Structures are given as C-alpha cells and as structure tokens.
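Visitor: Hi! I have a structure open and would like to talk it through. Could you help me read it?
Guide: Happy to, let's take a look together.

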Amino acid sequence: MSGIFYERFGHNKLAMTGSVLVALLFLAALLAPVISPYEPDHIDRYHVLEPPGRLHPLGTDDIGRDVLSRMLYGARVSLSVGFVAVGIATFIGMIMGAVAGYYGGIADRLIMRFVDVMLSIPSFFFILAVIAFVGPSIWNIMIIIGVTSWMGVARLVRAEFLTLKSRDYILAARAIGASDMRIILRHMLPNSLAPVIISAVLGIASAVLLESSLSFLGLGVQPPMPSWGNILTAGKANIEIAWWLSVFPGVAILITVLSYNLLGEGLRDALDPRLWERR
Amino acid sequence: MLFYLSKRITEIFVTLIGITLLSFFIIHLAPGKPTDVLTDLNPKITPEARARLEKYYGLDKPIIIQYLLWAKRVVKLDFGDSFSTDSRPVWEKIKERVPVTVSINLLSMLLIFMIAIPVGISSATHQYSLYDKVTTVGVFLGFAMPAFWLGILLMMLFGVYLHWLPISGLKSMNYETLSAGGKVLDLAKHLALPVFVSALGGIAGISRYMRSSMLEVIRQDYIVTARAKGLPESKVIYRHALRNALLPIITLLGLSVPGLIGGSVIFEQIFSIPGMGQLFWMSVMQRDYPLIMGLLTIGAILTLIGNMLADLCYAVVDPRIRRR
C-alpha cells in the first residue's frame, strides 16, 4: 500500500510542488527570527512607506516597519492558525461522524440535523458574531474557525463508518467481544482516515484564507502582532501610494493556499483507489 | 411533488429554529452582557439603572424564556431597536439593505452559471487538451485567491491607475441628475468589480465540479448508445449528458448561498457598498446585539430560501425526485 502511495504521490508533479512549497513555508516561519532583516516591531521613523529597496527588500509600512520581517513572522500566525483550527475541526468531526455512523438511530438523526443547521448558517456571519462577543485574538480565531468547520469531516467519517460497519472483520471483532470503543478506535477510525486526511489538508487552505480575511477586517489577529491579513489592512488604507503593502502579503496568502490545495489534491490522487484507473 | 415540498418546508422550518436557538444561546452565553455596550461608556451609571436596563431587555429571565420572548416578537418582524446612537428599529435598518446584497449575490450567481458551466463542459469534452490544462491552472489560482486581496488589486488597477471604474459605493455623486440609461451605466460601473470579486471563487469551484461531473456522465452506457446511434456530438453532450451532469451542480449552487451571503461582509467592506454585509460588520464593531441577532436570522432565512429554490430546480430537472 505505502509503495503504491509513494509512487503515485511522487509522480504527481503538482502534489510534489505543493509539498515542497509547504515545507519551505514552514521553514521560513520557523527561521523567522534568524532570516528576517529586522525585528517585526522595529520602527524606522526615517523610512515610512518606503518602496522596496536595498534597505527594506519589500518596503516599509505606514509606521516604518519592515514588510519582509513582518511577513515572515506573519507566516507563523497563518500556518499555526491553519494547523490548530483544522486540528480542532477534525477532532470534533471525527467524534460526531463516528458516533452518528456507528450507533445510527436517534443519535445519527440528531447529529446529522445539527450538521444541516451548521451548514445553513452563513458561517462568516456566525464567526463574526461570536468574535464580537469573545473579542478577537489569535486563540479565539483558531477555536472559532475550528468549531465552525467540522461538518465536512463528520459527514465523511459517518459515510465511511456506514460502509465499514457491515464488513466481516468488524463483525468478527464484535463476535470475540471487543467493546464499542475498541472497535471504533482500533478498527474503524484507522480505516477511514484517508478521506479525513485529504479534507484536513484542504481545510488548512480554507482556514488560512479565513484567518487572513478576518485579520484584514480588523476582527482577527490584532496589531501589533503581524499577520498577512492585517498588513493588507494597511495596504488598503494606502492603496493610492503604496502598492507593495498590498501586493506582497496577498501573494504570500495565495501561494500558501495554493500549495495546501495542490498537496490535498495530490493526496487524493494517491490515496483514493477509485481515481487510479482513470489516469 | 406536493408531499415532497411540504416535507422540505417542515425540514427547513426545523433548521431555522435550530439556527436561531444556536445563535441565541451562543450570544447570550458569551462573556460580557450586551448592555455593557450601553453602560461601559457611561461612568455615572448606577447599579439600579443597570438592573433596570437588563430588565428592559429581558436579561434577568432564564435564557429559554428570553428565547421564546424573542421568537414571539420576531414572528412579527420585531427585532427590537438598534443599540447604536440612532436607536432605529433593527428590521428597518436591515430592510433597506437586503435588496442591495441580494441583487449583488444574484448577479454573481448568474455570472458563476454563465462562465463556470460552459467552461466545465468544454474542459471535460477536451480532457487533457491545452485548454483543459490552462483552465485547470486557472481554477487552482481562482480557488486560492483571497477575494479581498483580488478586490484591492483590481481597485488599484482599474480605479487608481487606469481610472476606468469608481473604487467605492454604489452610485456616483451626480447619480440623480443622470438619464435612465446613464443611471444603469453608473450602477453597472460600480457593481462590476464587487460582482466579479464575489463570483470568482464560485466560478473556479463550480467549473471544476462541472468538469468532473461531466466526465463521469460521458462514460455512462447511455451516452455510448447515443453516440452509437449516430447523434451529432453537440446533441449528445447538450441534450443527453448535460441534464444528468447538472444535478450535482444545482445542489452545489444551493450550498454556496451561505458562502455568498457571508462573503458579502468582505466585499461590501472593501468597496464601501451599503448592504447587509457592511451593516453586519458595523454591528459587530459596535457590539450592537439586537442588530447582530436580526442579521444572523435574516441571513439564515435567505440561505434557507436559496436552498429551497435549489431543491425546486432539482425537482424540475430530475423527475425521480418528484416521485419520492
């Protein structure tokens, strides 16, 4: 199995590009203190809104901070929000999906109705409303994105469980007296991981996008903590005089989201046997 | 068909109750009382006055009772008065903004449909061609593009550098003096960028799904039969295949309604368009809590109406649904 996986994944150029880019992004975020030319909060009063040049490779913002340094530190924010939010969503989704799929009946109906309710709320409205009350901060953003995006995972896990439930090896496990917990955790969940992993990787892409939109609106990561979204807020305010403030952070978001999407699609090709014969 | 409809309407009603309950509980259980907004700014307020205010908004009662009282008023479209300085009824404030947001969303849905479906079909029928590859790259880029960033870039290009399009608002200063044709042109110029920006993600997503849905359908036996009996390719694709390939797309369009409504916050904020999204953003910034609750409810109702329309289209296209 893993042999086929590596072969299919390795030969997929887009998937490889995606994973290399994701790795580079993580490296840049980890090494931010080493490679950024300035401290992210360092204010250079003599070079406010300076275009890209020798001193500041990507220019400075409206109070004279180095854009490149802020973007490198911003990468930490985006990548960790994506990771933690999706972790939370996947955890909730797996529990909900497993309970609904394994026990069926009333539990299934209640959970699926709840999923429908969550999917019918314009989630961006909902997220903003909650932020209005709990206040914007990086931790709140992670939690709120997590608890509003688990529904896809729940549906996937439930569907997998429904087909797995009647497999012989599950019946065998039950016959020798394995507990529900053991069957779910040891036998069924590991066998339904493939679609969950794919959707988690794609989910990181949308969480990164969501965080940057929230920060852009001033309801996400709060200044002075740098984030790609809140650099863009300054970009919009100075749209007529400072193109670099708008262009570079946006490119960073675009590349990050794109690489996660490519990685996710590549994993889908490599992990989903139904797609194999077609290519 | 009637049975199907009534079943769907009941389901939608239950969902609506679920949504309002959920929003109500979360907003009420969140730290910080809604009346804090009114009292924090006033250092002279006494505990008695604060209690009176809480009583006025019913905050001293158990939460279930509060919800029921709220629901009873909402049925009559009474969402209470806004906390902002104008203190206008919430429903009035929302009412004047709904048409703006709904028409922009309808326009962008139309744009999504007009671009994504032909693009999806042609890249499926020319699988692996140069055209297919180019559109695939375009789809990935469109999908990864942060809408608000694209909005800023287009504003910079068309508004600031080229001066072709206005960068904010719905109407020009001299709108009232323009002729009928001039008014339409003026609106169109103001709407071009917001509609395109809000549609882009949908165009990318739906054309991708259209492609895979079409690829799936044209492998079916009945398509082979249609080709074998000598029908022209255009007839095979547009009469036989398209109908079935469209089914999942209709569901998807229904599902994309909440995204469009939620997304309106972003592009209305960027382009300063006086719609629901902008109102929502302002209400969040001011913690204007009756207004937040009212907008959440109206947003949910619009979403459910969108879903129901999608269901109806589905039933029209697919006779099997009607008999269920």
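Guide: One term before we start: two residues are in contact if their C-beta atoms, placed from the backbone, lie within 7 Å. Also keep in mind that this is a predicted model.

Visitor: Okay, contacts then. Within chain A, what share of those between residues at least 6 apart in sequence join residues at least 24 apart?
Guide: In chain A that share is 71%. For chain B, counting contacts in the same way, 73% join residues at least 24 apart.

Visitor: How many helices and strands does chain A have?
Guide: Chain A has 13 helices and zero strands. Chain B also has zero strands, with 15 helices.

Visitor: And what are the spans of the two chains?
Guide: The C-alpha trace of chain A spans about 75 × 45 × 30 Å along its principal axes. For chain B the spans are about 85 × 55 × 35 Å.

Visitor: What percentage of chain A counts as buried?
Guide: Of its 279 residues, 47% count as buried. In chain B, the figure is 35% of 324 residues.

Visitor: What about the largest nonpolar core, and which residues have the most contacts inside it?
Guide: That core has 149 residues, and the ones with the most contacts inside it are Leu128(A) and Leu295(B). Its largest share, 16 residues, comes from helix H4 (residues 67-103) of chain A.

Visitor: Tell me about Leu128(A). What is it in contact with, leaving aside neighbours within four places in sequence?
Guide: Leu128(A) is in contact with Leu219(A) in its own chain, and with Val265(B), Phe280(B) and Val284(B) across in chain B.

Visitor: Switching to helix H7 (residues 138-147) of chain A: which of its residues are buried?
Guide: The buried ones are Ile141(A), Met142(A), Ile144(A), Ile145(A) and Gly146(A). Those buried residues of H7(A) pack against H4, H6 and H11 of chain A.

Visitor: I also clicked on Glu233(B). Where is it?
Guide: Glu233(B) is in helix H11 (residues 233-255) of chain B.

Visitor: Why does Glu233(B) count as exposed?
Guide: Glu233(B) counts as exposed because it has 10 C-beta neighbours inside 10 Å, and the cut-off for exposed is 12 or fewer.

Visitor: How far is Glu233(B) from Thr125(B)?
Guide: They are 108 residues apart in sequence and 10.0 Å apart in space, C-alpha to C-alpha.

Visitor: Last topic: what does the confidence look like for chain B?
Guide: Chain B averages a pLDDT of 83, and 92% of the residues score at least 70. Within chain B, confidence is lowest in helix H2 (residues 36-40), at a mean of 63, and highest in helix H6 (residues 98-125), at 91.

Visitor: And the scores for the model?
Guide: The model scores ipTM 0.82 and pTM 0.85.

Definitions and conventions. Residues are numbered from 1 along each chain as its sequence is written. Chains are lettered from A and ligands numbered from 1 in the order in which they are written. This is a predicted model: local features need pLDDT of at least 70, side-chain atom pairs count only at pLDDT 80 or more; totals for chains, interfaces and linings use all residues. Helices (H or I, at least four residues) and strands (E, at least two) are DSSP runs, numbered from the N terminus. A residue is buried if 20 or more other C-beta atoms lie within 10 Å of its own, exposed if 12 or fewer, and partly exposed in between; C-beta atoms are placed from the backbone. A nonpolar core is a set of buried Ala, Val, Leu, Ile, Met, Phe, Trp, Tyr and Cys residues joined through C-beta atoms within 7 Å. pLDDT is the predictor's confidence in each residue, from 0 to 100.
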